[in-house]
Every structure is written in C-alpha cells, then in structure tokens.
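Hi,

Here is the structure I said I would pass on. Have a look at it first, and then read my notes below.

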Amino acid sequence: MLKIYCKNTGTYKEFTEGTTLLDMLPAFDFEKPYDIISAKVNNVGQGLKYRAFNNRDVEFLDYRSYSGRSAYCRSLCFLMSKAARDVFPDCRITMRRPISKGYFCTLIKPDGAATTLDDIDRIAARMKELVSADTPFRRHEVQADEALAIFKEMDYFDKVRLIETSGQLYVNYYTLDDTPDYYYDALVPTAGYLKVWSLSPYKDGILMRVPDRHNPEELAPFFEQPKTFATFKENLRWNAIMGLDNVGDVNIACHEGKASDLIQVAEALQEKKIVQIAEEIDSRARRENPVRLVLITGPTSSGKSTFCKRLSIQLKACGLHPISFSTDDYFVNRLDTPRLPDGSFDFDNFDTVDHEYLQNDVIKLLRGETVEVPEYNFVTGLREFNGKRLKLEPGSILLIEGIHALNPMLTDKVPEQCKYRIFINTVTSISLDDHNCIPTSDNRLLRRIVRDFNNGSFSAQATISNWPNVRRAEVKWIYPYQENADVLFNSSYLVEFAVLRSHAEQILRTVPHNCPEYSEAHRLLKFLSYFTPVSDKDVPATSLIRGFIGGSNL
C-alpha cells in the first residue's frame, strides 16, 4: 500500500500500488464545481491516468488552472486533427497561435481546394462523434526510432524533425481511436471531457474556440483582433522566406551551422520594421496637424525600453529630435501604491502612475514649456526631482513608454491627431510542430526570469510565483488597448528560445522541488529541451533580447 496526500483536502488516503489518479479521485471529498481534468504530482503536472507506485503529494486541478487549461487545449487540438484526418485523409491541419480567445488553424486538403463552411461543419460533426463516444486518449512510451517510423508513415515530417533534433531516447506519443499523434505533455483521459468548444471560419482559416478560463462551461468571449492577426501573418511570411515552418526546421538549420545567419536575418527584419515605423512617424510629424507624441506600450518583458531607444535612433536618422521618458518615473510614492486583496502592492494598477501629474507635464511640453520631469527611485520608493529638464524644440517629438501608455485616460486631454500609438508584444508565430503551439507568454516569462535573476532582483521562484498576478494585470490594464495601436511590433524572433535556453536552464534548476513554483520550472525546462541551444555571441549589442540576457549597449 502507498499513502497519497491530497492537497485539495489536506488528508491522506491509502491505495494499492499502481492506482491511477482517476481512480483515486472519488476517495477525496472536496468541492468540484467543474470537471477535474489534470493534477500535479509532487509539483509536476500529470494526466489523470498517471499511476502512483510510491507515496506522493497530489493536487487535483480543473480548467481554471494553467495546467488543466493546457491539458484541455492540447487534447482539443488532437481531437480536431484526428477528426480532420478522418474527414479528409492525408490532409494537413496546423494549429498556430491563440488569437481572438481561440486557436487559429489552417486546413490543407489533398486537392488543394479552399476550406469551406461545409468542410468545417463536417470536421466539427466528427469531433462531436468522438466526444459522444467518450473515446479514450491512450499514451504509449516507445523508443524514438519506433515513433519516428510511425510518423514518417503518416507523412508527419514536422514531428519527425522535432523528435530527431530533440535528442530523446524514448518518446511518449498518444492515440485517439486508431490515430497516433505527438504531444509534449499530458492529455485529458477521454474525448468525453471536451464538452465546450466550437469551430468557425476565420480569415483564411478556422478559429477553434475554447472555454472561458473563469467559467469553463461557456466559450471564452470572442474579440476581433485584425491588427494582431496581420502581425501574426506577416511573421508567417517571414518564416516562409527563410524556409522555416516549425521548431524542427530551426533546429536543423542550427545543426547545419546557420544559427548566425538566422540571428542576423531576424535582427534585420526587426530593424526594417523599426525603420518603417520611424518613417511613418516622420511623415505624420510633417503634416498640417502633426504627430508630436509617440506612445509605446506592451506587456512586461516585451522589450519596450530597448525598442524606444532603437526607434529614437531611427527618428534621428529621419531628421527628428526625439526626447523620451517612462511612465515608471511618474509612479506614486510606494506608500501610496494601490494594493492587492492580500495586502501586497499592486504595481501594475493604472493608479500606480500619477497620471494627472504626467498628463499636465505632457501638455506643458506640447505647449513648448520647459518641464522638470521626475525620476523614480525604486530603492527608496520615492519620486525624486534631480534636475532632468525637457523641452520640445522645433522638430522635436516626445516618446513615452510604459505599460499604461495606451490607456486613454493617460492622455485624454491631448488632441488625438497629436498621438501615434505603438503596441509591442512577442507574437510567437512558430510552433513545436503542426499540432503543438508555443504558449504566447513563454517568451516573456523566460526573458523576465533571466533578467530578474541576473539583475539580482528576484529569484526564479519569486518571478514564477508573481507571474499569475502579472498576467491578470495585463489582461485588465494592457491588452484591452492593443487593437487601438497605429502599429503592432513583434519583438520575438525564431532563434530566441534557442538563445534563451543557454541562459535559463541553470536558473530554472534553482527552483526547489518542494515549492509550488517547481511545476512551472519543470514545464519550462521540458519545453526548452526541444530547442537546439545557440550561443548569444552573434546577438548584437543593440538587440531587444540583450535587455534581458545582458550585454546591451543601449
């Protein structure tokens, strides 16, 4: 017999060796408003079919948890790819990135014909059949060569390249009915768990909508994101130009010694975009009603500060004279900072910025007055005035960067024609393979872990612990204004994870196994293992990611 400690109840129960989590679940009595779909075992995410052979700590999770939500969405991707292959044998279906509260998918039929509403309805009908039949997902652990033979026969060469380049000796793959597929982490037990979803036409593909994270019995609300989608498609075109479709392609290129070329091309593409933005601002700055204020925002670790500096250089090349400051310098004093329900400081709240004071200074600057702008002392938690004076001379343009820069209340007294808005984010356009999307926030989380650790600000454990609060604040205070931007800038590029791997792995291994944050550290380590590590020696000192890994000269 073995002892299982259930964190949901704070109690122990005894079970025979080899009992699955699914069979243990009824023995623990706790509130279950939604289906339990995954678990953490000794702080590592596992599927409910996990068998325990030793004493373990177990926490059962529903869709509201990150682990549960990930397992559900991975399983839904398998359900859709299986159904598509049943309806259109030898088709190719790709799940790219979350957008509009769903996943953007493309169906490439053997005859090359365009995807129709009837095609989508047929795939959805097959998915519903599999759900109604409660078809089980089954996991198989085999030698990598056996998995490679299976996927070669299916023409799943995206998975072949990923497995071949990841260096795994044994591989877990899954089957749904008689169809194999590869997923890098656990799935739900059966298709019957996948009760809430929908398929609909979207742009030139299919939108697979998923449950709301707060109310899993309803679909997440749909939000049109045309600018975000356009940025995503632009990056897909860049990938196609370089002949790179998925992570396996990038790994092969790195194995062939092309990492330096990939870095240089990625940097050149970003610089080209920055030049285009600078030229657009310059054009608008010379109109009868000129742009005089550039607002730059984005979620944490998107690269706002470095982008602002690089944009300033390009604006100077256009003949403008940029001056800039950060909204952070207008933070209220630490004791006046809003607080979260647990009493800790809410540093992402809009009222953390003295927006009235900031806007008054902006108006004065636009009138041609000289303004002494503050500098925030993050050590003392006080706003200080150290003699930094700014004035907009003829030909000058004001740049303001910060997480609240696009909030309308920050500059609601400034005429709209004066403003140019830029939203920066890591719009990850590449996937592990056709059916395994890369979580859109992983770029930024890894950047922040590395930066916080190297700067001595926070341990990896502390950064991971605070990440859910950061993400909630972004959803509330930043993302609602994303589509209001004049332009969206993607600060990620193809080989970034390969470069970050060399910096992040040792840092992530400092997270203790006995803390809740170990679950995320373990997931990120597993995720990074799919990327061929690349040295940062060819990353230029002006690169956006230098602001996180060190070595920036901006």
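Phe104, Tyr202, Phe222, Phe229 and Phe232 come together as one aromatic cluster. Rings of Phe, Tyr and Trp (its six-membered ring) pair if their centres lie within 6.5 Å, and the pair is stacked with planes under 30 degrees apart, edge-to-face over 60 and tilted for the rest. Before you go further: this is a predicted model, where local features need pLDDT of at least 70 and side-chain atom pairs count only at pLDDT 80 or more, while totals for chains, interfaces and linings use all residues. Residues are numbered from 1 along each chain as its sequence is written, and side-chain values use heavy atoms, with hydrogens and water left out.

There are 30 aromatic pairs in the structure. One of them is Tyr330 with Tyr357, a tilted pair at 6.0 Å centre to centre and 50° between the planes. It links distant parts of the chain, 27 residues apart: Tyr330 is in the loop between β16 (321–326) and α10 (355–366), and Tyr357 is in helix α10. (Helices, H or I with at least four residues, and strands, E with at least two, are DSSP runs numbered from the N terminus.) Tyr330 counts as buried because its relative accessibility is 0%, whereas Tyr357, at 32%, is partly exposed. The cut-offs are under 20% relative accessible area for buried, over 50% for exposed and partly exposed in between, with a 1.4 Å probe and protein chains only. Phe345 and Phe347 make another tilted pair, 5.6 Å centre to centre with 45° between the planes. Phe345 is partly exposed at 24%, and Phe347 is partly exposed at 40%.

The charged end of Lys32 is 4.1 Å from the centre of the Phe30 ring, and Lys3 lies over the face of Tyr12, 5.9 Å from the ring centre.

Next, helix α4 (residues 144–153). Which of its residues are buried? They are Ala144, Ala147, Leu148 and Phe151. Just after α4, Asp155 has a positive phi of about 60°.

Phe151 turns up again in the largest nonpolar core, which has 59 residues; Phe151, Leu432, Leu446 and Leu508 touch the most other members. Such a core is a set of buried Ala, Val, Leu, Ile, Met, Phe, Trp, Tyr and Cys residues joined through side-chain atoms within 4.5 Å. Helix α13 (residues 496–508) gives the largest share, 7 residues. A second, separate core of 58 residues includes Ala83, Cys91, Met95 and Val188.

Finally, the whole chain: it has 15 helices and 23 strands. Buried residues make up 56% of its 554 residues, and the C-alpha trace spans about 75 × 55 × 45 Å along its principal axes.

Over to you!

Note on methods
A charge sits over a ring if NZ of Lys or CZ of Arg is within 6 Å of the ring centre and within 35 degrees of the ring normal.
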